[in-house]
Amino acid sequence: MAYQSEEDSLQEKVVFINRTAKVVKGGKRFSFSALVVVGDGAGSVGYGKGKAREVPEAIRKAIEKAKASMVQIPVINGTVPYQVTGAWGAGKVLIKPAREGRGVIAGGAVRAVMEAAGIRNVVSKSLGGGSASNVLRATMAGLQSLRHPDDIKRMRQASGRGA
C-alpha cells in the first residue's frame, strides 16, 4: 500500500502491520503496530514504527516518525555506488548495484526502501532473520554506510593516499 503526500510530495509505503491481542475481562483488546517507509524518490528516505489501538492511527504515527528520521542516500544513475552489507540484530542484507534496466530485485521491506529512495536498479538479498523490522533496519544501516565516490576521493586526496 503506497500513499502520496500532497504537501511535500513524499511517497509513503506501509511495510508491515502487526496485530496484538490482550485478553481482558470483557474479551480481547487489540492493538496495532505499523512499519512505514517514507521517501522523496531522490535519495532521501526514512522509516518509522507507530503503535495505536486502530490501524489508521498507527500508520499516521509511523509516518510522522519516518519523516523525522529521513536521511540522504547517495544515488548514482539510479543505483547505489557500490556493494554494501547492512546488519541489524539477526537481519543482514546484501545490496549490490545493477545496470540500467535491471529493476529493483528485492523483497518486501528492502523493496519499499529502495523505491522510496528513488533507487531504480539494484539487486539485494536478505541473508539473515526474516523479521520485517530487522530487515528494514539492516537495509537502512547499509544505505547509511554508503559514501558518494566524490567524497571518498576527496578524503583520500586530503590524507595523501592517492586517488
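Patches here are made of residues with over 30% relative accessible area and no salt bridge, with like charges joined within 9 Å and nonpolar side chains (Val, Leu, Ile, Met, Phe, Trp, Tyr) within 5 Å. Lys and Arg count as positive and Asp and Glu as negative, while His and the chain ends are left out of the count. The place of a charge is taken as NZ of Lys, CZ of Arg, CG of Asp or CD of Glu. Accessible areas come from the Shrake-Rupley method with a 1.4 Å probe, and for residues only the protein chains shown count as cover.

The model is predicted, so to speak of local features takes a pLDDT of at least 70, and side-chain atom pairs count only at pLDDT 80 or more, whereas totals for chains, interfaces and linings use all residues. Residues are numbered from 1 along each chain as its sequence is written, and side-chain values use heavy atoms, with hydrogens and water left out.

On to the overall layout. The chain holds four helices and nine strands, where helices (H or I, at least four residues) and strands (E, at least two) are DSSP runs numbered from the N terminus. Read from that end, the elements go β-β-β-β-α-β-β-β-β-α-β-α-α. The C-alpha atoms fill a box of roughly 70 × 35 × 35 Å along the principal axes. Of the 163 residues, 37% are buried; buried means under 20% relative accessible area, exposed over 50%, and partly exposed in between (1.4 Å probe, protein chains only).

Now for the strands. Strand 2 (residues 11-24) and strand 3 (residues 27-39) run antiparallel and are joined by 13 bridges; two strands pair if DSSP finds at least two bridges between them. A hairpin of two residues takes the chain from strand 2 to strand 3, and Ala-21 has Phe-30 in strand 3 as its bridge partner. Elsewhere, four strands make an open sheet in the order 6-7-9-8, with mixed pairing. Strand 6 (84-88) and strand 8 (104-105) are the edges, each with a single partner strand, so one side of each has no neighbour in the sheet. Strand 8 runs parallel to strand 9 (residues 122-126), with two bridges between them, and Val-104 sits opposite Val-122 in strand 9.

Helix 2 (residues 108-117) is mostly covered, with seven of its ten residues buried, including Val-110, Val-113 and Met-114.

As for charge, the surface carries a positive patch of Lys-49, Lys-51, Lys-61, Lys-65 and Arg-137. Strand 4 (44-52) and helix 1 (55-68) each supply at least two of the patch residues. Lys-51 belongs to strand 4 and is exposed, at 52% relative accessible area.

Seven salt bridges turn up in the structure, each being a side-chain nitrogen of Lys or Arg within 4 Å of a carboxyl oxygen of Asp or Glu. One of them pairs Glu-12 with Lys-67 (4.0 Å, N to O), linking strand 2 to helix 1 across 55 residues. Glu-12 is buried at 7% relative accessibility, whereas Lys-67 is partly exposed at 29%. Another joins Glu-115 and Lys-13, with the closest N and O atoms 3.4 Å apart. Glu-115 is in helix 2 and Lys-13 in strand 2, so this pair ties together parts 102 residues apart in sequence.
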